[in-house]
Structure formats: structure tokens, C-alpha cells
Amino acid sequence: MKYIWFSLFSCLFFQGFSQNYFDVLNVTYTNTPNNNFEITDAQTTVQELALELNFPVVINEKTILLTGLFANKTKVKLDANSSNENLDVIGLNVGVNRTFNDTWSATFMLYSKLASDAIKVS
């Protein structure tokens, strides 16, 4: 029961903080300072490059089909005694944004994702 109240409260409260635009292209690069491992004095950095490309398709005045691609490349040392690893993610998304009236609208999304250290794109 507490999850239902929390979900209802979240939907009502966070409605005012939603964005009123759609990102077609989003590119992000992150590079952290040295991070310590818990059991040794070794350190690692985390480098991440993320790309998201979205294709909105207007079906009619109240319905928009949302499709897109996303990819993520993370370079990090997973263990103090190993070399840097490349962790890759590639995926597709599809969804629908539906406007019901002046007050209510909803967005439904599905994401498929392949994550591995052995993805090779050429």
C-alpha cells in the first residue's frame, strides 16, 4: 500500500518538474578524478562517452511515435590488478506519447539494450 501512495504522490509532485521539450541529439562525456579501491592503494578513473539519437514521428495531433538509438562506452579498471576495460552498451528504444486532453498526457517507452565488453562496431 505504501508503494501505491508513493507512486501517486510522485506522479502528482514531479509533474511540475517535467521538461517541455524533446532532445533529438544528446552527447555526453564524463571523466572522473582518481577513485580509490577499497582494499588497496590502487586508483582508477572512469571515462564515459554516451550518445543518444531520437527520431520523433508525428502520427496525428495527439499521438507521437518516439524511436531512437543509444550507445555508451565506458573505460574503467574493474580490479586493482587488471588493466582498463572497455564496457560498451548499444540499444534501441521505441515509445508513444499520447495526449488525452488539455490536462492529461502519457509517455510509454520500451528499451532494448545489449551490454558487453566484447561489442565491436565497424
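How does K73 count, at 41% relative accessibility? K73 counts as partly exposed, because its relative accessibility of 41% falls between the two limits, buried being under 20% relative accessible area and exposed over 50%, with a 1.4 Å probe and protein chains only.

## Basis of the model

This is a predicted model, in which local features need pLDDT of at least 70 and side-chain atom pairs count only at pLDDT 80 or more, while totals for chains, interfaces and linings use all residues. Residues are numbered from 1 along each chain as its sequence is written, and side-chain values use heavy atoms, with hydrogens and water left out.

## Overall make-up

The protein contains one helix and seven strands, and along the sequence these elements follow the pattern α-β-β-β-β-β-β-β; helices (H or I, at least four residues) and strands (E, at least two) are DSSP runs, numbered from the N terminus. Of its 122 residues, 15% count as buried. The accessible surface, computed by the Shrake-Rupley method with a 1.4 Å probe and, for residues, with only the protein chains shown as cover, comes to about 9,900 Å², and 60% of this belongs to carbon and sulfur atoms.

Side chains of opposite charge can pair when their charged atoms come close. The structure holds one salt bridge, a term for a side-chain nitrogen of Lys or Arg within 4 Å of a carboxyl oxygen of Asp or Glu. In this case the side chains of K73 and D88 meet at 2.9 Å, N to O. Because K73 lies in strand β5 and D88 in strand β6 (residues 85–99), the pair ties together parts that are 15 residues apart in sequence. Whereas K73 is partly exposed, D88 is buried, with a relative accessible area of 9%.

## An aromatic pair

A search of the whole structure finds one aromatic pair, where rings of Phe, Tyr and Trp (its six-membered ring) pair if their centres lie within 6.5 Å, and planes under 30 degrees apart count as stacked, over 60 as edge-to-face and the rest as tilted. The pair is edge-to-face, because the rings of F70 and Y111 have their planes at 70°, with their centres 6.1 Å apart. It links distant parts of the chain, since F70 belongs to strand β5 (residues 63–76) and Y111, 41 residues away, to strand β7 (residues 105–116). F70 is buried at a relative accessible area of 17%, while Y111 is exposed at 56%.

F70 is also one of the contacts of I90, which, apart from neighbours within four places in sequence, touches F70, A71, S112, K113, L114 and I119. I90 is found in strand β6 and is partly exposed, with a relative accessible area of 36%. Between I90 and I119, 29 residues apart in sequence, the C-alpha to C-alpha distance is 8.5 Å.

T74 lies in strand β5 and is buried, with a relative accessible area of 14%. Its side chain is joined to that of N72 by a polar contact of 3.3 Å, that is, a pair of N or O atoms within 3.5 Å, where within protein one must be able to donate a hydrogen and the other to accept it, and residues adjacent in sequence count only if both atoms are side-chain atoms.

Leaving aside neighbours up to four places away in sequence, T44 touches residues including P33, N34 and V76. With the neighbours within four places likewise set aside, the contacts of T45 include T32, P33, N34 and V76. T45 and T32 are 13 residues apart in sequence, and their C-alpha atoms are 5.6 Å apart in space.

## A nonpolar patch on the surface

V24, L25, V27, Y29, L49, L51, L53, F55, L69 and L92 form a nonpolar patch on the surface, with about 910 Å² of accessible area together. Patches are made of residues with over 30% relative accessible area and no salt bridge, like charges being joined within 9 Å and nonpolar side chains (Val, Leu, Ile, Met, Phe, Trp, Tyr) within 5 Å. Strands β1 (25–31) and β4 (46–58) each supply at least two of the residues, and the largest share, four residues, comes from β4. L49 is found in strand β4 and is partly exposed, with a relative accessible area of 44%.

Notes
Contact means heavy atoms within 4.5 Å.
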